[in-house]
Amino acid sequence: MVRPYAAKGKKRKTREEKYDRDEDELAEQVEEPSKTAKVDDQFELEGIPIAPTEPNPKNGPGVIFILEKACLEIGKVGKTEQLLNSDDHANFLKKKGKNPAHYRPDILHQALLMVLDSPINKAGRLRCVYVKTEDGKLIEIKPFVRIPRTFKRFSGVMLQLLQKLSISAVGKREKLMRMIKNPVTQYLPVNSRKVGLSYSSEKLVSIQNYVAAAENNTELVFVVGAMAHGKVETDYTEDFVSICSYPLSAAYCITMICQALAGKWNIL
């Protein structure tokens, strides 16, 4: 009775060792880009296309958004690194002598959802989105990215981006989001008109009339603040306007701009 059990135990052990050995051999054959892609899969959604399409310049002029002063800061909370925000890390930030109200990555999340879900992006008129963090980092986001809907998932993507410097599409090497070198002006078209938005601007305009007056062959660049407090101060904007008599969120400012552009370009 003892012998059959012993033989069965040996066979099971042999299979287990063979399985582990195969795993080790497979891991050695995987190249470094594949490892990155495997990590990226944790944060990819079903909506991110496998073969994204580039915006078609023949569609006419487009628009670029620059989101300034976005708060994307990593902190080591306990034994893990996390993207800091005012809801989950208020006590941690107070212990470090920082104001939790300034740590609002959810503002960037809402703004990206608005611009990437807009009809002008679906029509191929959105050229790119650039994010300038409060500590000076510059991020390029392609228009065919589908940003995670939940903030927790978004935080995981941004954490990975800051650590790995880029995020690639599922099954492809094309980078959907990446860290790039400053200044942002080197990536803007030559014939572009750069417009900054702020509630504190003395120039109050109707956004519908403002974009309607722009030349049809001009690429429009809108600079919107993605922070909780303060105003956008840049040296590359040609105009600085306010589109409402009341303070608005970054997401709603982008919505108003996208609606005005859709009307100008007859995007229904």
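Arg193 and Glu238 form a salt bridge (a side-chain nitrogen of Lys or Arg within 4 Å of a carboxyl oxygen of Asp or Glu), with their closest N and O atoms 3.9 Å apart. This is a predicted model, in which local features need pLDDT of at least 70 and side-chain atom pairs count only at pLDDT 80 or more, while totals for chains, interfaces and linings use all residues. Residues are numbered from 1 along each chain as its sequence is written, and side-chain values use heavy atoms, leaving out hydrogens and water. Helices (H or I, at least four residues) and strands (E, at least two) are DSSP runs, numbered from the N terminus.

- Burial is judged by relative accessible area: buried is under 20%, exposed is over 50% and partly exposed is in between, with a 1.4 Å probe and protein chains only.
- Arg193 is partly exposed at 31% relative accessibility, and Glu238 is also partly exposed, at 49%.
- Asp239 forms a salt bridge with Arg193 too, and here the closest N and O atoms are 3.3 Å apart.
- Because Asp239 lies in strand 10 and Arg193 in strand 8, this pair ties together parts that are 46 residues apart in sequence.
- Asp239 counts as buried, at 11% relative accessibility.
- Through shared partners, salt bridges join Arg193, Lys194, Lys203, Glu238 and Asp239 into one network.
- The count of salt bridges comes to 10.

- Another salt bridge brings together the side chains of Glu140 and Arg178, at 2.5 Å from N to O.
- Glu140 is buried, with a relative accessible area of 9%, whereas Arg178 is partly exposed at 33%.
- Strands 5 and 7 run antiparallel and are joined by 4 bridges (two strands pair if DSSP finds at least two bridges between them).
- Arg178 is also the bridge partner of Glu140 in strand 7.
- In a regular strand the side chains alternate between the two faces of the sheet.
- Leu138 and Glu140 point one way from strand 5, Ile139 and Ile141 point the other way, and all are buried.
- Strand 4 (residues 126–133) is antiparallel to strand 5, with 4 bridges joining them, and Val129 stands opposite Ile141.
- The hairpin of strand 4 and strand 5 has 4 residues between the strands, and Gly136 takes a positive phi there, near 95°.

**Helix 8**

- Helix 8 (residues 250–264) has 15 residues and reaches 21 Å from its first C-alpha to its last, close to the expected 21 Å, a span defined as 1.5 Å times one less than the number of residues.
- Since 11 of its 15 residues are buried, helix 8 is largely enclosed by the rest of the structure.
- Buried residues of helix 8 include Cys253, Ile254, Met256, Ile257 and Leu261.
- The buried residues of helix 8 pack against strand 1 (63–70), helix 4 (105–116), helix 5 (119–122), strand 8, helix 7 (207–212) and strand 9, where contact means heavy atoms within 4.5 Å.
- Asn266 follows helix 8 and has a positive phi, near 55°.
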